[in-house]
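Here is a friendly walk through a fold, written to be read beside the sequence and the coordinates. Have the viewer open and follow along.

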Amino acid sequence: MEGLKVSNANLTVYLHPSKSRDASEAILRELSSLLFTFSEALDGVVLAYDINSLDNKAAKILSGVIPYFGVPLSVDLLLFSPKPDMLLEGKVVKLSQESIHVVVLGFSSAIITVKDIREDFVYKTKHEQDVYASKSHKRHVIKVGTMIRFSVKSFDEEILHIYGSLMPDHTGSIHWLEKHSELISHPNKIAKKRESEGELTTVKQDTIDGKISPLDSAQKIKRSKKQKIQEES
């Protein structure tokens, strides 16, 4: 899935003097407060962290009414930073004729409104369950519980809400997409195959209806040539 990245950051954590006896624990609490919040400085939502180095001896006291001290450290951060047109994956938790609601990574909600669902998907009730089913591929169905891949339209950093889209052909049910990757990567090839099958069906139908088909003409020409050769011999 796109939108995830690991970033190394050199940070300085500022602590109250009362925390000096157990600075390590205080630093962990400060880093934990960043989890599942959007950071403009890091350009993403912090999902996890791993401290590479911590130097208590390099701590510097800041001048002021209350002398806080800063502890420098190096941290690896796992960030969630969805951008427009990125492909995300999530689980459908609610579905209606107007929209599809999805949860991404267990914490971020996403909505795909009907105007952002391509026309190939049709809303219907199947086996007493609301679904979006593909008109061109009957087994391509989206329902509550389906893991889907969708495109990002925008991301609300304040409430961590995603506005998504199912307009691209390579979006929809992940299970179906992975089993039919050829249909997505070579749509023209499939269309030509269907077109040729349609032409073959037409030729057969013409023969059944008693019409002269191109195949009949070719066979007649071959028979006439064979008869001519026999007469000459």
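## A threonine to start with

Is Thr 171 buried or exposed? Thr 171 is buried, because its relative accessible area is 0%; buried means under 20% relative accessible area, exposed over 50% and partly exposed in between, with a 1.4 Å probe and protein chains only. Please keep in mind that this is a predicted model, in which local features need pLDDT of at least 70, side-chain atom pairs count only at pLDDT 80 or more, and totals for chains, interfaces and linings use all residues. Residues are numbered from 1 along each chain as its sequence is written, and side-chain values use heavy atoms, with hydrogens and water left out.

Thr 171 sits in the loop between strand E13 (161–165) and strand E14 (172–173). Strands (E, at least two residues) and helices (H or I, at least four) are DSSP runs, numbered from the N terminus. Leaving aside neighbours within four places in sequence, the contacts of Thr 171 include Leu 87, Arg 118, His 140 and Phe 150, where contact means heavy atoms within 4.5 Å. The side chain of Thr 171 also reaches the backbone oxygen of Pro 168 at 2.6 Å. Ile 148 is 23 residues from Thr 171 in sequence, with 7.3 Å between their C-alpha atoms.

## Two nonpolar cores

A nonpolar core is a set of buried Ala, Val, Leu, Ile, Met, Phe, Trp, Tyr and Cys residues joined through side-chain atoms within 4.5 Å. The largest one has 22 residues, and Ile 100, Val 102, Ile 112, Ile 142, Phe 150 and Ile 162 touch the most other members. Among the strands that each supply at least two residues of this core are E3 (44–54), E6 (87–95) and E8 (108–113). E12 gives the most, with four residues. A second, separate core of 15 residues includes Ala 9, Leu 15, Val 71 and Leu 73.

## Aromatic rings

You will find five aromatic pairs here. Rings of Phe, Tyr and Trp (its six-membered ring) pair if their centres lie within 6.5 Å; planes under 30 degrees apart count as stacked, over 60 as edge-to-face and the rest as tilted. Phe 80 and Phe 155 are edge-to-face, because their ring centres are 6.2 Å apart and their planes are at 75 degrees. Phe 80 lies in strand E5 (residues 69–80) and Phe 155 in strand E12, so the pair ties together parts that are 75 residues apart in sequence. Both Phe 80 and Phe 155 are buried.

## Strand pairing

Two strands pair if DSSP finds at least two bridges between them. E6 and E7 are antiparallel over four bridges and form a hairpin with three residues between them; Val 92 has Val 102 in E7 as its bridge partner. E7 and E8 also run antiparallel, joined by six bridges. In the hairpin of E7 and E8, Leu 105 takes a positive phi near 60 degrees.

Val 93 lies in strand E6 and is partly exposed, with a relative accessible area of 47%. The C-alpha atoms of Val 93 and Val 144 are separated by 5.3 Å, although the two are 51 residues apart along the chain.

An open sheet of three strands has the order E9-E10-E11, with antiparallel pairing. Strand E9 (121–126) and strand E11 (141–142) stand at the edges with a single partner strand each, so one side of each is left without a neighbour in the sheet.

How values were computed:
Polar contact = N/O pair within 3.5 Å; in protein donor to acceptor, adjacent residues only side chain to side chain.
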